[in-house]
Amino acid sequence: MTGAHPLHDPAYRPPHDAPPVLAAEGLAKTYPLPGGGRHRAADGISFALPRGGSIGIVGESGSGKTTVARMLVGLVRPDAGTVTVDGHARAPRTPRGRAARLARARDIQMVFQDPYVSLDPRLTARQCLHTALRLHGTAPRDAEQRATELLDQVGLGTREAGARPHGLSGGQRQRLAIARALAVDPKVLVLDEAVAALDVSIQAQVLQLLAGIRRDTGVALVFVSHDLAVVRHLTDETLVMRRGRVVEQGPTEQVLAEPAAPYTRALLAAVPHRGWDPARATAAAAAAGLSA
């Protein structure tokens, strides 16, 4: 359709030469161990995410993917490396002052695996969004209208709008968490295992919702997951981590169709599919040193 925004096209992929909205360069993080020594959670993590693009960070538990996500949003301070948003390096320390902190939050928002712990149990869904909007300077009347728009955008109706978190299903709570993250019009949305706790059918609905949001708003997505099947449906590029390091990185279809690293092949073999053989998957995992 003439004049249509390219992000409304389901087949849209950002151009390879698009300037990055988010770039990580050499991110590293270690933690002290109780008995002495240090654990390397992330080492030399680098990637560039174009505006409107999406990248998956995958790996087994303990691979370091959540540490990377937390460094991106500023919840964890890297030992080395930089995070750049729209060409501006983010300070390693959380900025002082309310205005500076809010401005930083508007760049990148995060959606966690369990939204229940990040939602105020005293507030209804509408009140939750209204509070977030007011915090970032939206006038009361505009906040009310915008909250309605956000609820509609994530598929929550009048009943859900008046419910508190305990009165919502897991999928509905995750939709509310996504709506709250979108309330500040972020440039990047980081989703840490955002559908891992949901039933398969609900996972599909939330993934479809995120794909639509990406097309309609142009927000870039960083999708952290252990599930390669999920990453396949949502990301343009995939970064595979093992023991804090990147073992494979490239276009998602290429990484999943022709994995170069034995570790990636073991992860793929572990995904149930037609004709799947648990014994063969276990053998592949053992050969690659994949944890049980």
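User: Let's start with E193: is this residue buried or exposed?
Analyst: The relative accessible area of E193 comes to 9%. Buried means under 20%, exposed means over 50% and partly exposed is in between, using a 1.4 Å probe and protein chains only. So E193 counts as buried.

User: What kind of model is this, and from what number are residues counted?
Analyst: This is a predicted model, where local features need pLDDT of at least 70, side-chain atom pairs count only at pLDDT 80 or more, and totals for chains, interfaces and linings use all residues.

User: Where does E193 sit, and what is its phi?
Analyst: Look in the loop between β7 (188–192) and α7 (200–217). Helices (H or I, at least four residues) and strands (E, at least two) are DSSP runs, numbered from the N terminus. Most residues other than glycine have a negative phi. E193 is not a glycine, yet its phi is positive, at about 50°.

User: What about D86: which loop is it in, and what is its relative accessible area?
Analyst: D86 sits between β4 (80–85) and β5 (88–89), in the loop that joins them. D86 is another residue other than glycine with a positive phi, near 50°. It is partly exposed, and its relative accessible area is 28%.

User: Zooming out, how many helices and strands does the chain have, and what share of its residues is buried?
Analyst: Count them up and you get 11 helices and 10 strands. The chain has 292 residues, and the buried share is 46%.

User: How far apart are the end C-alpha atoms of α4?
Analyst: Helix α4 covers residues 140–153, which is 14 residues. The expected span of a helix is 1.5 Å times one less than its number of residues. For α4 that gives 20 Å, and the model agrees, with its end C-alpha atoms apart by 20 Å.

User: How do α3 and α6 lie relative to each other: roughly parallel or roughly antiparallel?
Analyst: Their axes come within 9 Å and cross at roughly 20°; axes are lines fitted to C-alpha atoms, for helices over the stretch in contact, with angles from 0 to 180 degrees between N-to-C directions. Angles under 35 degrees count as roughly parallel, over 145 as roughly antiparallel, 65 to 115 as roughly perpendicular and the rest as oblique. That makes the pair roughly parallel.

User: Which residues make the contact between α3 and α6?
Analyst: Contact means heavy atoms within 4.5 Å. From α3 come A125, C128, L129 and A132, and from α6 come L176, A179 and R180.

User: Why is α1 described as largely enclosed, and how many of its residues are buried?
Analyst: Among the buried residues of α1 are K65, V68 and L72. The helix runs over residues 65–73, and it is largely enclosed by the rest of the structure because the buried ones number 7 of the 9.

User: How far is I55 from F223 in space, C-alpha to C-alpha?
Analyst: I55 belongs to strand β3 (residues 54–58) and is buried, at 1% relative accessibility. Leaving out residues up to four places away in sequence, its contacts include F47, L221 and F223. I55 and F223 are 168 residues apart in sequence, but their C-alpha distance is 6.1 Å.

User: Last one: what does α7 pack against?
Analyst: α7 has 18 residues and reaches 26 Å from its first C-alpha to its last. Its buried residues include V206, L210 and I213. The buried residues pack against β3, α4, α6, β7, β8 (220–225) and α8 (228–234).

Methods
Residues are numbered from 1 along each chain as its sequence is written. Side-chain values use heavy atoms; hydrogens and water are left out.
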